[in-house]
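Please look over the model below before reading on. A short tour of its parts comes after it.

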Amino acid sequence: MKAIVVYESHWGNTAAIAQAIAEGIGPEAQAMSTADATAEVVAAAELIVAGAPLLGFNLPTDMMVKGLSSETAKGGPPPDLSHPTMRAWLDALPKGAGRAAAFETKISWSPGSSSKAILGKLKEKGYREAAKPERFVVKDRYGPLKEGELERAKAWGAELAKAA
Ligand SMILES: Cc1cc2nc3c(=O)[nH]c(=O)nc-3n(C[C@H](O)[C@H](O)[C@H](O)COP(=O)(O)O)c2cc1C
């Protein structure tokens with residue numbers, strides 16, 4: 001099925017989950033950042049899956065992301081700040097009527113949900129819920145992902161394809 005898995009990701013965890021979800025959906029699914037998911041690309045997709053990290057208990061705002069440049073794991077690469085936030089991407093998303101699902105990466109104990117916020121915004125734009133919002137867990141502030149989360153993401157992608 002023609003699907004896109006669109007992500008905001010600064011340290012790579014959400015991007016890795018997006019890639020695994022796309023693999024689970026099938027060969028016609030593609031993972032891409034918010035920068036690459038143009039209106040044209042969105043219009044050609046039968047299923048839109050969108051994901052972002054939970055930062056500050058919330059779907060990241062532009063203002064929060066602007067302040068992330070000094071946030072980096074010891075010895076790790078700087079955060080990727082090259083693509084729009086999921087929030088900005090959703091604000092600019094044209095109205096649609098297709099199916100959509102949402103996911104997030106987060107620390108297990110934290111309150112707040114990016115995926116619920118994303119799905120709510122997709123529904124406001126006219127998209128229909130393809131699945132309940134899903135969360136994937138990291139072990140620490142900048143990751144890595146908990147063991148088994150990539151496999152779970154792939155399985156979730158396969159379920160999405162079946163349901164849609
Ligand atoms: C500045 C900052 C704030 C964060 N705030 C939260 C939070 O409120 N709740 C949470 O569960 N995780 C929080 N995290 C952890 C991130 O959600 C987690 O590392 C996520 O997987 C990052 O995704 P990315 O690698 O795709 O950017 C925070 C991390 C950073 C660096």
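This report goes from the ligand to the helices, then to single residues.

**Ground rules**

This is a predicted model, in which local features need pLDDT of at least 70 and side-chain atom pairs count only at pLDDT 80 or more, while totals for chains, interfaces and linings use all residues. Residues are numbered from 1 along each chain as its sequence is written. Helices (H or I, at least four residues) and strands (E, at least two) are DSSP runs, numbered from the N terminus.

**Around the ligand**

The shell around the ligand holds 22 residues. A residue counts as near a molecule or strand if its C-beta atom, placed from the backbone, lies within 6 Å of it. Ser9, Trp11, Thr14, Pro53 and Ser110 come nearest to the ligand. Two elements give two or more residues to this shell: α1 (13–25) and β4 (99–107). By class, the shell has 9 nonpolar, 10 polar and 3 charged residues. Here Ala, Val, Leu, Ile, Met, Phe, Trp, Tyr, Cys and Pro count as nonpolar, Asp, Glu, Lys and Arg as charged, and the others, Gly among them, as polar.

**Two helices that cross**

Now follow α1 to its partner. The axes of α1 and helix α6 (residues 149–163) come within 6 Å and cross at roughly 40 degrees. Axes are lines fitted to C-alpha atoms, for helices over the stretch in contact, and angles run from 0 to 180 degrees between N-to-C directions. The crossing of α1 past α6 is right-handed. A crossing is right-handed if the near helix is turned clockwise from the far one by less than a right angle, and left-handed if anticlockwise.

Which residues of α1 meet α6? Among them are Ala16, Ile17, Ala20 and Ile21. On the α6 side, the partners include Leu150, Ala153, Trp156 and Gly157. Two residues are in contact if their C-beta atoms, placed from the backbone, lie within 7 Å. The residues of this contact divide into 13 nonpolar, 2 polar and 3 charged. An α-helix has 3.6 residues a turn, so residues three or four places apart point the same way.

**Helix α5 and its cover**

Helix α5 spans residues 114–124. Its buried residues are Ser114, Ser115, Ala117, Ile118, Leu119, Lys121 and Leu122. What covers them includes β3 (47–53), α4 (86–92), β4, β5 (128–129) and β6 (134–138). Just after α5, Gly126 takes a positive phi of about 105 degrees.

**Buried or exposed?**

A residue is buried if 20 or more other C-beta atoms lie within 10 Å of its own, exposed if 12 or fewer, and partly exposed in between; C-beta atoms are placed from the backbone. Here are some examples.

| Residue | Other C-beta atoms within 10 Å | Class |
|---|---|---|
| Ala50 | 28 | buried |
| Met64 | 14 | partly exposed |
| Phe57 | 11 | exposed |
| Ala97 | 8 | exposed |

Ala50 is found in strand β3. Why does Ala50 count as buried? Because 28 other C-beta atoms lie within 10 Å. Beyond neighbours within four places in sequence, Ala50 is in contact with Val6, Met86, Ala100, Ala102, Ile118 and Leu122.

Met64 sits in helix α3 (residues 62–66). Leaving out residues up to four places away in sequence, Met64 touches Leu55 and Gly56. Its C-alpha atom is 9.9 Å from that of Thr85, 21 residues apart along the chain.

Ala97 lies in the loop between α4 and β4. The C-alpha atoms of Ala97 and Pro133 are separated by 18 Å.

Most residues other than glycine have a negative phi, and most peptide bonds are trans. Phe57 has a positive phi, near 65 degrees. Phe57 lies in the loop between β3 and α3. The peptide bond from Gly143 to Pro144 is cis, with omega near 5 degrees. Pro144 belongs to the loop between β6 and α6.
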